[in-house]
Amino acid sequence: MRQPQAVRAGLIGGAVVLYLGAVGMLERFSERSIIVGLIRFNLVVMMAAFFVFALFAYRRATGEANTSLGTGITAGTVAGVTTGVVVIILSLLVDAGVDVRSMFLRISPAFFEAITLGTNPYLGLVILAVIGAVMGAAAGGFRRLQPTPRTIVITVVGTVLLLGLGARLFIPMLQGLGIPTAWLYRSDALTILGAVIVSVLAVVIRLYLQRKGGFRKALTEVPGVTPSNVRPILFALGAIAVLAAPWIGKQFVADVLGTVGLYILLGLGLNIVVGYAGLLDLGYVAFFAVGAYTVALLTARSSSMVGATIFDLAPEPLTNFWVALPITLVVAVVIGILIGAPVLRLRGDYLAIVTLGFGEIIRVLILSDWLKPIFGGPQGITEVADVPAFGADTNDPRVLYYLIIAFALISLFIAGRLKNSRVGRAWAAMREDEDIAEGMGVSVIKYKLLAFAMGAAVGCLGGAFFPAKLGVANPGSFTLLVSINVLAVVVLGGMGSIPGVIVGSAILVGLPELLREFGEYRLHIYGAILVMIMILKPEGLIPDRRRALELHAEEPHESVGPLTAAATPGVQ
Amino acid sequence: MTTSARRSSLGIFSRLPVRRIVLIVLGVIITVAAIAGARATLATGQYSGRVWQDLFVQGLARGSVYALIALGYTLVYGILLIINFAHGEVFMAGAFTTLFLAGYLSSSGFMASQPVLSLLIMLAFSALVSMGVALLLERIAYRPLRGAPRLVPLITAIGASLFLQYTFRGFYGEQVRAYPNIPGLTGDWNIFGISIDRPRVVVIGAAILIWSSLYVFIERTKTGRAMRAVGEDREIASLMGIDVDRVIVITFAIGGALAGMAGILFILLFNQASFDMGFVPGLKAFTAAVLGGIGSITGAALGGLVLGLIEAVGPILFLSGAGIPSVGQLTSVVSFTILVLVLIFLPGGFLGAPEEKRA
Amino acid sequence: MDEVVSGYGASEVLHGISLTVNEGETVCLLGSNAAGKSTTLRTILGMVPTRKGSVKLRGERIDGLATPDIVAKGITMVPENRRLFAKMTVRENLEIGAQLRDDRPAIASDIESVFSMFPRLKERVTQKAGTLSGGEQQMLAIGRALMAKPSVLLMDEPSMGLAPILVEQVFETIDEISKQGITILVVEQNANVALGIADRGYVIQTGRIVMKDSAKALLANPELSRAYLGELEG
Amino acid sequence: MSLLELKGVSIRFGGVQAVKDVDFHADLGEIVGVIGPNGAGKTTLFNIVTGFYTPDEGSMVFDGANISGLKPNALTRLGMARTFQSVRLFNAMTVLENAMVGQHTRTKTGLTGALIKGKATLEEEAMITAKAQEALGFFGQRLLPRQNQLASSMAYADRRRLEIARAMATEPKLLLLDEPAAGMNPAEKEQLIEQVGRLRDEKGYSIVLIEHDMPVIKSVSDRVVALDHGIKIAEGTYDQVASNQQVIEAYLGKAGDDARGDMDDEVST
Amino acid sequence: MKLSRLLVIVAVLSLVAVACGGGGGGTPEECEADEFGCVTVAAGEPIKIGTLLVITGENQTLGLDSQAGAELAVDYWGDNAFDGTVGQIAGHDIELVNEDEGCSAEGGTAGAQRLVTDTQIVAVIGTSCSSAALGVADKIFGDQGIPLVSPSNTSPALTNPGTHNPFYLRTAHNDTIQGAVVAEFASQELGAASAATIHDGSPYAEGLANAFAAAFEEAGGTITDQVSIQTGESDYSSILTDLATGGPELLYYPIFVAEGGLITQQAVENGSFTYLAGSDGMFTPDWIAAAGAENADGVYISGPDLSQLAGDADFYENEFLPAYNETYGEPTSVFHAHSFDAVNIVLTAIEAVAIEDGDTLHIPRTALKDALFATENFPGLTGTLSCNENGDCQQSATIGVVTVENGDFSDYVYSATKGLEG
């Protein structure tokens, strides 16, 4: 082969497709149609893999190979053939009676079916090679496309995938809007006609907007909209969308958005601790749990609550949500300070493991037999009362959704205010250089405790709504994975960045909820996305202005300051 | 603002180490409570010397496994200052994959005829698989991030950890799978008049052997010296002609191999493998590494053993006397409380230097 | 070294430095704090990337090579502040200096010759380097560099933090090393001592060479005294 | 009247006597230069004075108050500010924000203030900004026009200036400058000399500065203190100190007096 | 501006669509009267039954087995044949909508909330794990007027008068029965005088452990200790060492597969316990694999005795099982029959209350619930089902005990039928 890079990319591409098959994803994806009778999701994924690695081959290729279609075709074909050959080998092994499945569980008939698109391995090899070659050529062609055709291709593919994959979300939404869906969807997949219509529509809209110079500009064409009021109008449209979402999408959408809202609350809280003050907290779930359990204890009707067991009261809620909320805040702040106080002197990774430990301690305690009379053990506290709102007790997810959104807005406001204040500056200074901050008069102890307390207060709000939403608080919801999730939300969005928290929550919490049908691969894909984003965009998706500048300006002079010298090996 | 006004705003708190006093009081209260609990437990007379001895051996055995995994954390941390959060999955990869080799060895009858050789083959195979995973991890997840802020590799590691877990779940399924028993490793051995469960003896022995080999390797060989040098001062190490990248790769390889071997020892104790088997031991080993002083090889061993002992003995000793039910549940409460206490008074763990300011 | 421009990140520290050190020569590079002396040495060793210009060793370009490869070509450095491996013993520090060599007997004999040069080190051979006094550390740092059998030795402020008598000693040692035929480039603030042993000298100021001359001429140059030492001498 | 008075201050690190029995004072409105070869203990002395290190022995009085054992933040509040030898700015903050942090001890907006952002807070914030800008403005057009840039993106000399501006924003009585001229070219040094003079004359600060650059020391100092190996070896006017034999030896390394522990090490570098 | 004109047309069209979509026909009185209204199944639309079972994760064998039972019931309905044709009621297909409950309260909530999004869901078969139902799924469905019929929840708490949700029923037995049978077996057959229990805190395990303990003490035995463990750990040896100090003859740990395997193995290693016993959470080959066959040998496991089905054993053996095996392979759990029954009582009730309105079908929700609770002497696969006011439809159950021999479950070594009361 004259194009080693193309062959290499192709081999990797083939390996990736085989990997997706071996972990069972292709098989699972083949159950999902994107367009009825035409394209299934497994085919989309395989085509995408061939396409991406063909593009990758171009990136690596030099000289003539970089422009020739041959590179893409080679890479794609190699990827297809690799996949096909391995599949043939596997099928021969299976035929020869080797029990491949005792090790690789997913190398099942369904695996072969998914990867060979329902044919046999030999025909599969041919098909895969052809698809690979076509996708490789497509990749090469795509690179040469003019911007406009390129936009069209991206728009069509994007629209079909979005509407096809999101069928279960869009069908109820469309129905909620009163739009009939039969022409567009049949059994959770796009009809061919529907796919064509929406594609055309999407392309038309996209090109129209492009001609107008973007959505904003286009909006100004509407009578009454001027460049000066386009911002408030956009904002109002956004607000209407947020408020109307649960009515359009019904309970499920409200539920998903409510969960996103909870994570926004948690993210904002952790953002204060990690993003503003630079304290790495891996046990943030502790505050989530404290918020949830305090509210649950105070408002549950169940017999495991303190009142019933210790004070022998009738199994009635002690109080309602709105009284419980301020109490919860106080409790959370106190616990925040209690957790913060012993670890003030620890830095970095030591702080991380200790906070992680605190998170675990709290989880284990609420789970334990010992405190079961109070916290209810593994089943937790059930029958948490509904939130009285708008004059009635309600557990309508839509009402809760509005409450969560309201508190998220309040927290956004708090986080924003804190950031650009004397307090925020003190935190930033402390994060940058603890010694110098102290030298500038910032009491490090006070501000660290303040950060823990504020983080706890905001985080416990998220926790407070949790049992109200579920009707139950139980320890299964307060695992280390929550801490990790929240931290990932903060870091992915961009540390210290408030919009980053919103985007991070939407991506890491909202999307997986919508794609629940692939639930078993949720964390799998989640892990891969975390790694990819961190490598491609370490500053986060919407980086804080300062951080972004910092990362791109690279580290300035690396110098051993006089104060650190004492701790530097070699001196003492 | 006048001078006097400024001065009056400085309370007595500016000078008194209030925080320290609070911490010491806290430490004393916890210690007293622990002692009281221990007295109460011993007073019940429910536990004979034999029980304590069993618990001790159990603790040593699980501590040995923690220690070996902790070495992987400590080696990588010592050189790159990153927490390889996915190390627990490196451990899982070796142990889970070796399951199939063990199955083959067992069904072919080789294990019955050559149990020791089988065990060695399994150790080597598991070490290889884990090493491979560790190297992939280094190449794909960590190398592109060298020099990034410290949180970034941490998140990557968490992502990699999930990805690896679910990859293996995808490959081998989500069910718990049992290892075949290795002949000759059931029952007890009598050592110094104490009968000890055979797998525990093997685990403790193997861990000591592996740890000592590592120690000798690090302390006595040229490569080991290079690793220490890179850990202390990467720039000067390269000035000595050391290829830093290569040393980092070697470090990951060694850490991975140790985790793989720890995986087999873990299997000897618990006999079953699953895709999520790495998570809890990984976390415990990380705790052990910090407890002992992260970055220190001896510290990792010490931290692992201490943690294992605390977990085995601690809950019963400190809590059961206080009338707390199901003390076994509170294992991590006890171990993390002790971790916090240790770090309050020895911020660098048993053997680590206090962490440098701003690494 | 020719018209070298280098720096860290966004900041450019060297703005085109040219200097030559001939085989067997001892050259000193003088300058105040943050003038770019250390950066010059680090650039030669590839620790700071060369942005423009070239660095040549015996006519062969070495800029762009990785540090270990440059070291393998026979250049090494005694870094500023010694930067020993504090947790290793004296012997290990010496051994690691010979990391690139494989000839065990020769290494052993070189260690002995370092000990004969610095008997103090021999007394402390099993002590951790971090526990040594400043003077001993400097000896060890020099010894460690010599273990690489360099043909060119770069020294970064060998007098820093040392008592006068030790400074004298260190420079005597440098002189001795130079007599063994090793080419030396020494960076110093302490101009008198440095020039005392050097053949030639350069003066660097904010990333530019402002003076170059033979050591004697520089010592005699009142410009140097004024600009660099102030009028302390007078 | 002396603003800062140290008596018999000593500190050891491990086996190393970094500062030994030093008496030191700075009077109101005085500029004191501290000189000494690398590793003489100058920066250690600064760290003691500013509360980063606690001395093993000795008494320290600042502005009439006993300051031993006080933490740096308390000392800043009392009116002490410093810069660092290796510039240590808050790199991820803007130039203006760096200076605004300096105002920390002079202001009091807390959590509630920050959240409610009432009139008092707004006024205070405006005042902080104004004071910070005033401090930046001290350096003419060097800093003020770049106030929204990141500190890390500034040129070296400007970073040094910003450090001084940040210290000025704390409204100190005593300013301690650690090698302010390092890395500056002659023209910049000239400016610095003039600015240090103005700091005293216009702002009324007392100033203690460590400097290697003798012309700078000579031009600005009212009094010069020379340290070597943690011991004060000379004190007086520049000319007196510069002609002191011990000082010359310490600098130029002409053998002579030395018997003094050759094992001594120095911690600050 | 061609494009903009097109946009306007699109906008107008969609508005028209919105306006037209809102229309609908009239509703019968019963629906107006019903607190929760009716499910209206339009012509050609299917009748949707939800399932909320554990179909992913380490306990998925439990849920997949129940799901298979439900699918077979839908197949069998109407034509009384396992032929792959979906059953119908009044010309409407019966469709199952499957969701996962993850065997946890959290999973139960999430799954239940997704199901209630679909207002066409008439009733739900689930959950598998009691933890997903108790206070969670039962409440969510109850609040929407959707009956939840569980084929495998056995926790007594679910049908306790104090905690029972009015829309909750189950075809699985109540664990007070199983606990009593195991206690009887332990004290009478094995002759154990003392026992200790371990549970993992789940309502299932805890309920069973407590029911066993109560019955065992009543039978004159001594309970030396009752502890709960943390799931997810590996080393339970110190807990077992601790338990052993009380000297119990029997260790009863009615928990799930992973921990069940570890405890089995470590208890064997410990060697202090004469008898080991578990229950239906471990009644799967997965547990034997997890424990290791050598260790599992001799352990007693209890569960519903399928060989003693009070129902049509002949049908079960000769029709149901072969159909099951053909589509799903060997059963991985013992609740497929309960699930088959659950679907059948639901469909029977729907048939009883559904109001036909031409091709449209109206199903009043409260009436459906009442019809379910009125189920009396229903001839089910697992016996005769009669639902009481607390939702227990198995008034008595036959619980069998098996042991493990050479890595496989033996035939029943003990079997007893007990009623719910006493």
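Predicted model: local features only at pLDDT ≥ 70, side-chain atom pairs only at ≥ 80, totals over all residues.
Biologist: Is E:Asn406 buried or exposed?
Modeller: E:Asn406 is found in the loop of chain E between β17 (396–405) and β18 (408–409). Its phi is positive, about 50°, although the residue is not a glycine. A relative accessible area over 50% counts as exposed, and E:Asn406 has 72%, so the residue is exposed.

Biologist: Thanks! Where in chain E does E:Asn377 lie?
Modeller: This asparagine has a positive phi of about 50° too, although E:Asn377 is not a glycine. With a relative accessible area of 54%, E:Asn377 is exposed. Its place in chain E is the loop between α14 (365–373) and β15 (378–380).

Biologist: Let's move to chain A. What is the area of the nonpolar surface patch that includes A:Val81?
Modeller: A:Val81 belongs to helix α4 (residues 69–95) of chain A. Patch members need over 30% relative accessible area, and A:Val81, partly exposed, has 32%. Together with A:Val85, A:Ile89, A:Leu93 and A:Val98, A:Val81 makes a nonpolar patch of about 350 Å².

Biologist: And in chain B, how much area do domain 1 and domain 2 bury between them?
Modeller: Domain 1 of chain B covers 68–277 and domain 2 covers 279–359. The contact takes 23 residues from domain 1 and 19 residues from domain 2 of chain B. The size of an interface is often given as the accessible area lost when the parts come together. For domain 1 and domain 2 of chain B, with 75% of it on carbon and sulfur atoms, that buried area is about 1,600 Å².

Biologist: How many salt bridges are there between domain 1 and domain 2 of chain B?
Modeller: The C-alpha centres of domain 1 and domain 2 of chain B lie 21 Å apart. A salt bridge needs a side-chain nitrogen of Lys or Arg within 4 Å of a carboxyl oxygen of Asp or Glu. Between domain 1 and domain 2 of chain B, the count is zero.

Biologist: Finally, what percentage of the residues in chain C are buried?
Modeller: Chain C holds 10 helices and 11 strands. Buried means under 20% relative accessible area, and of the 234 residues in chain C the buried share is 60%.

Note on methods
Residues numbered from 1 in each chain as written. Chains lettered and ligands numbered in written order. Heavy atoms only, no water. Helix = DSSP H or I, 4+ residues; strand = E, 2+ residues; numbered from the N terminus. Buried < 20%, exposed > 50% of the residue type's maximum accessible area, 1.4 Å probe, protein only. Patch = residues over 30% accessible without salt bridge, like charges linked within 9 Å, V, L, I, M, F, W, Y side chains within 5 Å. Areas by Shrake-Rupley, 256 points an atom, 1.4 Å probe, with all protein chains shown as cover. Domains from an automatic or database assignment. Contact = heavy atoms within 4.5 Å. Buried area = accessible area lost by both parts, 1.4 Å probe.
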